[in-house]
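Colleague: I am new to this structure and would like a close look at one part of it. Please take me through the place where the chains meet, and then relate that place to its surroundings.

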Number of protein chains: 2
Amino acid sequence: MPIERSDLLQGTLDMLILKIVALGPVHGYGISQRIRQISKEVLQVQQGSLYPALHRLEKRGWLEADWGESDKGRPAKFYKLSAKGRKQLATEQLNWRRLAGAVGLVLRAAE
Amino acid sequence: MPIERSDLLQGTLDMLILKIVALGPVHGYGISQRIRQISKEVLQVQQGSLYPALHRLEKRGWLEADWGESDKGRPAKFYKLSAKGRKQLATEQLNWRRLAGAVGLVLRAAE
DNA sequence: TCTACATATGTTGACCTTCTACACATCTTG
DNA sequence: CAAGATGTGTAGAAGGTCAACATATGTAGA
């Protein structure tokens, strides 16, 4: 396994979480797994980033949480997107495209 | 002017600066102007971000600086890319593409 | 049986980057 | 004469991510 040092672009984590939750209710651990799978192992969310982010998003009213039981029969907190969260996700996606596009412009710039 | 709240993706600034300097020697103020122009006003580097970044990059040996005179006849510090800086830029560009690609995968993910 | 790993949530403190706001200096334009 | 562009820089606050730790259970393999 190549040593992956991927400081997950700051500010991007929230958007990724909102996007995963938008696909359907999931618990925290599942979110980190799905991000890793979908991104083909490139993006790996650490617990020390994940849980603070989830609490942050919940406080801001973008996510709602309920305790339930995971596939494996363990207690897990399931998150779902609120209406505000949906709007926020749309905003952040637009913003990401603008920023990523702008960065691309600079990288492709030739004298 | 639309209120642009663009927290320049963290960690990206260094790469952008290296890229601009790679196009030829420039002074700090000029770097911020070029980034803004090339990105079509989307990316705007604040002085409070710019100068600390330049000092950081110089300390790490990625940039070299010399005092000179600007177009307008003012004293300005001109930066150029070192060999180490060139390698670093290549690394960061690869990394950016990997990350941006991975984020794209997640954003395009459908259930 | 014992060990390691996967599953699951959470906190702490350090580290780094960016931002706002300030300070200074000069030249040009209205 | 005032404002804005040009040019460099610092201080302190704010915020996010990380490594490391703590806890708990189930399961697979040696």
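Modeller: To compare the copies, they are superposed by least squares on the C-alpha atoms of residues with pLDDT of at least 70 in both. The model is predicted, and everything below is read from that model.

Start with how the copies are placed. Chain A superposes on chain B through a rotation of 180° with 0.0 Å of shift along its axis, and the RMSD is 0.1 Å. The two copies are thus related as by a two-fold rotation axis. Among the residues of chain A, A:Gln10 lies closest to that axis, with its C-alpha at 2.7 Å. Both copies use the same surface, since 100% of the contact residues of chain A recur in chain B.

Chain A has 4 helices and 3 strands, and their order from the N terminus is α-β-α-α-β-β-α. The C-alpha trace of chain A spans about 60 × 40 × 20 Å along its principal axes.

Now the contact. On the side of chain A there are 27 residues that touch chain B, and they meet 27 residues of chain B. Three helices of chain A give two or more residues each to this side: α1 (12-22), α2 and α4 (83-108). The largest share, 9 residues, comes from α4(A). Sorted by class, this side of chain A has 15 nonpolar, 7 polar and 5 charged residues.

One helix pair within the contact can be followed in detail. Two packed helices are described by the angle between their axes and the distance between the axes. For α4(A) and α1(B) the angle is about 30° and the axes are 9 Å apart. Angles under 35 degrees count as roughly parallel, so α4(A) is roughly parallel to α1(B). The crossing of these helices is left-handed. On the α4(A) side the residues that meet α1(B) are A:Val103, A:Val106 and A:Leu107, and their partners are B:Thr12, B:Leu16 and B:Lys19. By class, this contact has 4 nonpolar, 1 polar and 1 charged residues.

Elements of both chains take part: α2 (28-38), α3 (47-59) and β3 (75-81) of chain A, with α1 (12-22) and α3 (47-59) of chain B, each supply at least two residues. The largest share, 6 residues, is from α3(B). In this surface 8 residues are nonpolar, 14 polar and 6 charged.

DNA strand D also has 28 residues around it, and the nearest are A:Gly48, B:His27, B:Gly28, B:Tyr29 and B:Ser70. Here the elements giving two or more residues are α1 and α3 of chain A, and α2 (28-38), α3 and β3 (75-81) of chain B. The most comes from α3(A), with 6 residues. The classes are 8 nonpolar, 14 polar and 6 charged.

To tie the parts together: α1 of chain B meets α4(A) through residues including B:Leu16, and α1 of chain B also supplies at least two residues of the surface near DNA strand C. By contrast, α4(A) gives the largest share of the side of chain A that touches chain B.

Note on methods
Residues are numbered from 1 along each chain as its sequence is written. Chains are lettered from A and ligands numbered from 1 in the order in which they are written. This is a predicted model: local features need pLDDT of at least 70, side-chain atom pairs count only at pLDDT 80 or more; totals for chains, interfaces and linings use all residues. Ala, Val, Leu, Ile, Met, Phe, Trp, Tyr, Cys and Pro count as nonpolar, Asp, Glu, Lys and Arg as charged, and the others, Gly among them, as polar. Two residues are in contact if their C-beta atoms, placed from the backbone, lie within 7 Å. Axes are lines fitted to C-alpha atoms, for helices over the stretch in contact, and angles run from 0 to 180 degrees between N-to-C directions. Angles under 35 degrees count as roughly parallel, over 145 as roughly antiparallel, 65 to 115 as roughly perpendicular and the rest as oblique. A crossing is left-handed if the near helix is turned anticlockwise from the far one by less than a right angle, and right-handed if clockwise. A residue is near a molecule or strand if its C-beta atom, placed from the backbone, lies within 6 Å of it.
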